[in-house]
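Thanks for sending this one over. Here are my notes, point by point, to read with the structure open beside you.

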Amino acid sequence: VPMVAPGNVQVHVINSTLAKVHWDPVPLKTVRGHLQGYKVYYWKVQSLSRRSRRHVEKKILTFRGNKTFGMLPGLEPYSSYKLNVRVVNGKGEGPASPDKVFKTPEGVPSSPSFLKIINPTLDSLTLEWGSPTHPNGVLTSYTLKFQPINNTHELGPLVEIRIPANESSLILKNLNYSTRYKFYFNAQTAVGSGSQITEEAVTIMDE
């Protein structure tokens, strides 16, 4: 098998899901056989937004021939990763380069995990929600938009409310009685807004 590990391994993080890795080629005489290529082993150490104790799954990408760089797609935003590089000949793999640590930046969050509308009264509705399963960063706020829908399914004026990221419920007051409302709800990180979840509810007709 090859005798030495690739040297000078560098990682350039391109965005929250993509990184580029470079390495110096090993001297050909140390390959001890036919150079087939290089393998990059990489794995997620932890999510930076939550301390997860999950099974670490190592991923392997093979770059054929004498390439000295490669792309690592499909990374998770706002996470810490490690990687190493090995050279491959017809017999097997050489030793691994020292582990290199890199971090991906924040991305936009997934949609809130749920949105429930409870306790309808004549002029109020209570909203409850769950934070996104994949925050992909530090949540900065939620945005709630809502509008009345009349019997012919025409939409009334849209109201928008910004809600602090640490809240998980809200009582909407001063609504019209016996009115159907449509709600649009999403979360934000510093990078931007995630996908929204929608729900409808009706205030009650009379007490």
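1. Over how many bridges do strand S6 and S7 pair, and is the sense parallel or antiparallel? Please keep in mind that this is a predicted model. Strand S6, residues 79-89, pairs with S7 in the antiparallel sense, and 4 bridges join them. If you want a spot to look at, find Lys82, whose bridge partner in S7 is Val101.

2. Now the sheet around that pairing. S6 and S7 belong to an open sheet of 4 strands with antiparallel pairing, in the order S4-S3-S6-S7. Strand S4 (59-64) and strand S7 (100-103) are the edge strands, and each of them pairs on one side only. On average, neighbouring strands of this sheet are turned by 30° against each other, with direction ignored.

3. Next, the nonpolar cores. The largest one has 18 residues, and the members that touch the most others are Val21, Trp23, Val40, Leu72, Leu83 and Val85. Strand S2 (18-24), strand S3 (35-47) and S6 each supply at least two residues of this core.

4. A few aromatic side chains deserve a look here. Trp23, Tyr38 and Phe63 make up one aromatic cluster. The charged end of Arg86 sits over the ring of Tyr41, 3.7 Å from its centre. In the other case, the charged end of Lys20 sits over the ring of Phe69, at 4.9 Å from the ring centre.

5. The count of aromatic pairs, with ring centres within 6.5 Å, comes to 8. Why is the pair of Tyr142 and Phe185 called stacked? The ring centres are 5.2 Å apart and the planes are at 15°, and planes under 30 degrees apart count as stacked. Tyr142 lies in strand S10 (residues 141-149) and Phe185 in strand S13 (residues 180-188), so this pair ties together parts that are 43 residues apart in sequence. Tyr142 counts as buried at 2% relative accessibility, and Phe185 counts as buried at 0%.

6. S10 and S13 are linked by another aromatic pair. Phe146 and Tyr181 are arranged edge-to-face, with 6.1 Å from centre to centre and 65° between the planes. Phe146 is in strand S10 and Tyr181 in strand S13, 35 residues apart, so to speak a link between distant parts of the chain. Phe146 is buried, with a relative accessible area of 8%, and Tyr181 counts as buried at 4%.

7. There is also an open sheet of 3 strands, in the order S8-S9-S12, with antiparallel pairing. S8 and strand S12 (169-172) stand at its edges with a single partner strand each, so one side of each has no neighbour in the sheet. From one strand to the next, the twist averages 20°. S8 and S9 pair in the antiparallel sense over 6 bridges; Phe114, for instance, has Gly130 in S9 as its bridge partner.

8. Do look at the loop between strand S8 (112-118) and strand S9 (125-132), where Asp123 is found. Is Asp123 buried, exposed or partly exposed? With a relative accessible area of 36%, Asp123 is partly exposed. Leaving out residues up to four places away in sequence, Asp123 touches Leu172, Lys173, Asn174 and Leu175. The C-alpha atoms of Asp123 and Asp206 are separated by 9.9 Å, although the two residues are 83 residues apart along the chain.

9. Finally, two backbone angles to check. Asn119, which lies in the loop between S8 and S9, has a positive phi of about 50° although it is not a glycine. Tyr78 is not a glycine either, and has a positive phi of about 55°. Tyr78 is found in the loop between strand S5 (69-72) and S6, and counts as buried at 19% relative accessibility.

Definitions and conventions
Residues numbered from 1 in each chain as written. Predicted model: local features only at pLDDT ≥ 70, side-chain atom pairs only at ≥ 80, totals over all residues. Heavy atoms only, no water. Phe/Tyr/Trp six-rings, centres within 6.5 Å; stacked < 30°, edge-to-face > 60°. Buried < 20%, exposed > 50% of the residue type's maximum accessible area, 1.4 Å probe, protein only. Lys NZ or Arg CZ within 6 Å of the ring centre and 35° of its normal. Contact = heavy atoms within 4.5 Å. Pairing = 2+ DSSP bridges. Axes fitted to C-alpha atoms, helices over the stretch in contact; angles between N-to-C directions. Core = buried A, V, L, I, M, F, W, Y, C linked by side-chain atoms within 4.5 Å.
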